Amino acid sequence: MSTKPIKMPSATKEKDSTKLKIAVEMLNAPNKVPQLIELDQSQPLSSIIQLLCKTWGLPDPVNYALQFSESNNQNYITEKNRNEIKNGSVLRLELSPAKTVQDILAKINGVEADQIAALSKLSVLSSDLTFALEFINKKGLTLIINDIENGKFKGKSLKYALATFVELMDHSVIFWDILENQFINKIASFVSNQAIPQDPKVIQCCLSILENIVLNSSKNSQVEKEITIPSLISHLQNSQQDSLIQQNAIALINAIFCKADMTKKKTIAATLSSKQVRNVIYENLIGTGEFPKNNTKEALGTELAHQLYVLQTLMLGLLEPQMRQKAESQEQESQEKIKELRKIAFEGDNNPNIEITMRRPVGSYSKDFKKLGFKCEIDPIKDFNETPPGVLALDCMLYFARNYPEDYTKIVLENSCRADEHECPFGKTSVELVKQLCDILHVGEPPSEQGQTYHPLFFTHDHPFEELFCICIVLLNKTWKEMRATSEDFIKVSSVVREQISRALLASPKNFDKFRQKINQLTYAEITQIWQQERTNREVWESHARPIVELKEKITPEIVDLIQQQRLGVLVGGTRFKKFFSRSQRIKDKFWFVRLSPNYKVLHYGDCDEKSTPSLEELGNKLPVAEIKCVVVGKECPHMKDLRGRKITPHLAFSFILKSAEVTSLDFVAPDEQIFDYWTDGINALLKEKMTSKSFENDLQTLLSMDIKVRLLDAEGIDIPQDPPQIPDEPEDYDFYYENN
């Protein structure tokens, strides 16, 4: 009997990979029966189209092209993207981009009905890069710009024309600097002239266009001339409660704010900090939780949350010059502020010794400065030489003294009467507190592309940072008393106060009263209990006893396998990522979804919206795991090579380097560090590489600790020795006697 193995012919496999069975249909052509054909991927598209036209009896095959017919993908098929065609796909035979552009350009200048239909179709097709390039090359974009400038488009035509312009410019093939002032003025007029009602889509597009002009061209000054901040604020309370209009209005305010010089920034900030404007922002975007009229407030969109975060960051950024500025001994203004601090504390109406204080000679002020808690009582201005917080600390202290004189005087006088070892030095603690607040709130740092954390209470006061300081300095003194701290406990008290502030802000209080209420609940005892609980939950077994070390070594492979299965489970469940241009610029409201097949062999990915979770069947693109060569992260990623000043976070970027010569990498920017760690760990596990993320190390240590504690439950209360007990010497003989009673 022959035992020679049967080898399957390779030709069959090769044939399956290049030939696909697909269907082709023609819309609006009921007499054209859809064709079922075998598509040879090695054959030019022009030949395939020629055969289809011949079957249907269509003349001039050059005027036709194939299109995808999926709901989320209706792009033209070219030689570059034909590899996206899958077995069983349904394609459409449509007029070619060149022919379609020709027809649309002819109808744009026709009667109103034809013009609206043509522009409506154009606004949809412009999202396809192939069509967009053809339209731009035929001077279509120039025509759209000129007709908008001249006011030719009205009503629906204007809506579709603006949508078309936005889509065409989103492809980044044309620079924004091509736009003339006349066009910018026209777009601005639609936003600022609210006497003439406009379609919400028109306002959305105009706001988006103006934002891009400010950020991406040298014509930002022209936008600033034509658009006022109050006119943009009015769009936040639009009658339709359109969240996209609100989002784009805030984005434009942020763009103007970001590009302005310091003088203009202060003017804009003054406008935004006014009570009237703050109320509009708060009531229409943040709210008090009572918004029956606004259906879009069920869940604040991620993009709107991002824009509020950017606005908050830019407003806090105005404190950076004060935070970076050292106080100089020769500077008269700082000297006067320190004198005023002393005067309010010791010469105020509440001071019972006011007459004695006022008769003191100037030289005795050093005693007062010591009572105020300055480190350098001879020249207290030296306390503000450290940056951060610089003179910002002095400004906050003076704000507290002026606006809360009773609390200020109480703190100073109470501490000046305590025994030296228990006094809470107001000056020293204030400087440290302002430094901590700057760090917690990231003052002076530019807004990141991924940031979404904003604090509602910062939109309820015209001096939010100073107001926050006033609450926290009172808290600090309260905590100092609760801890019965001495000057040696300064660092410990600071760490407790930082925890109190961070946890109170994490609860997102709606206003400063809610913040004050929350932070007063977080007493020193409460923080200590929280820390103890967390320490118990995350405690890593720190014993160096050899039995524990050996037990760890034994169970570590099991734990690593468990973590690997969890990571792969996350990949199978899939993740939504934000889309980026190749130049690392985030695309607003554009997402794609990636998930691993249950057999761990193929990655499926494709476009999605902000809330959907597509199934494997809905994700049209596939990448075999075997095609992945390795994973690179951070600035080593291809899409992070040239950031060109972009405010993107490279430490959340990762790329799969592929073995394919055509597509060299698949690039991602994770929404947070956890997703970044899970995906890099998961792919490394599939590639048989070591998982190296921080999350992996934390999970490994946590699970090891838990597993060991469970295994040692029976040994509870028994002291495990550092080394195993010594084995005793063998007995002289084994003639043991047992007595059974």
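Predicted model: local features only at pLDDT ≥ 70, side-chain atom pairs only at ≥ 80, totals over all residues.
How much space lies in the second largest pocket? About 560 Å³.

View 1. By type, the lining holds 14 nonpolar residues, five polar and four charged.

**View 2. Helices around the second largest pocket.** Five elements each give at least two residues to the lining: α13 (262-273), α14 (275-286), α15 (302-317), α16 (320-324) and α23 (464-483). The largest share comes from α13, with five residues. One of these helices, α23, returns in the next view.

**View 3. α23 against α25 (residues 512-521).** The two axes come within 11 Å. They cross at roughly 20 degrees. Angles under 35 degrees count as roughly parallel, so α23 and α25 are roughly parallel to each other. The crossing of α23 past α25 is right-handed. From α23, the residues in contact are Pro464, Glu467, Leu468, Ile471, Cys472, Leu475 and Lys478. They meet Phe512, Phe515, Arg516, Ile519 and Asn520 of α25. Eight residues of this contact are nonpolar, one is polar and three are charged.

**View 4. α20 (residues 391-403) packed on α22 (residues 426-440).** Here the axes lie 9 Å apart, at an angle of about 115 degrees. The helices α20 and α22 are therefore roughly perpendicular. α20 passes α22 in a right-handed crossing. On the α20 side, Leu392, Ala393, Cys396, Met397 and Phe400 take part. On the α22 side, their partners are Phe426, Gly427, Ser430, Val431, Val434 and Cys438. Nine residues of the contact are nonpolar and two are polar, with no charged residue.

**View 5. Cis peptide bonds at Pro388 and Pro389.** The bond from Thr387 to Pro388 is cis, with omega near -15 degrees. The bond that joins Pro388 and Pro389 is cis too, and its omega is about 10 degrees. Pro388 sits in the loop between α19 (365-371) and α20. Pro389 is also found in the loop between α19 and α20.

**View 6. The backbone at Asp60.** Asp60 is not a glycine, yet its phi is positive, about 50 degrees. Where is Asp60 found? In the loop between α2 (45-56) and β3 (64-68).

Terms used
Residues numbered from 1 in each chain as written. Heavy atoms only, no water. 1 Å grid on protein atoms, 1.4 Å probe; cavity = no way out; pocket = protein on both sides within 12 Å on 5 of 7 lines; lining within 4 Å. Points joined across faces, edges and corners; volume = space filled by probe spheres on them. Helix = DSSP H or I, 4+ residues; strand = E, 2+ residues; numbered from the N terminus. Nonpolar A, V, L, I, M, F, W, Y, C, P; charged D, E, K, R; others polar. Axes fitted to C-alpha atoms, helices over the stretch in contact; angles between N-to-C directions. Parallel < 35°, antiparallel > 145°, perpendicular 65-115°, else oblique. Left-handed = near helix turned anticlockwise from the far one by under 90°. Contact = heavy atoms within 4.5 Å.
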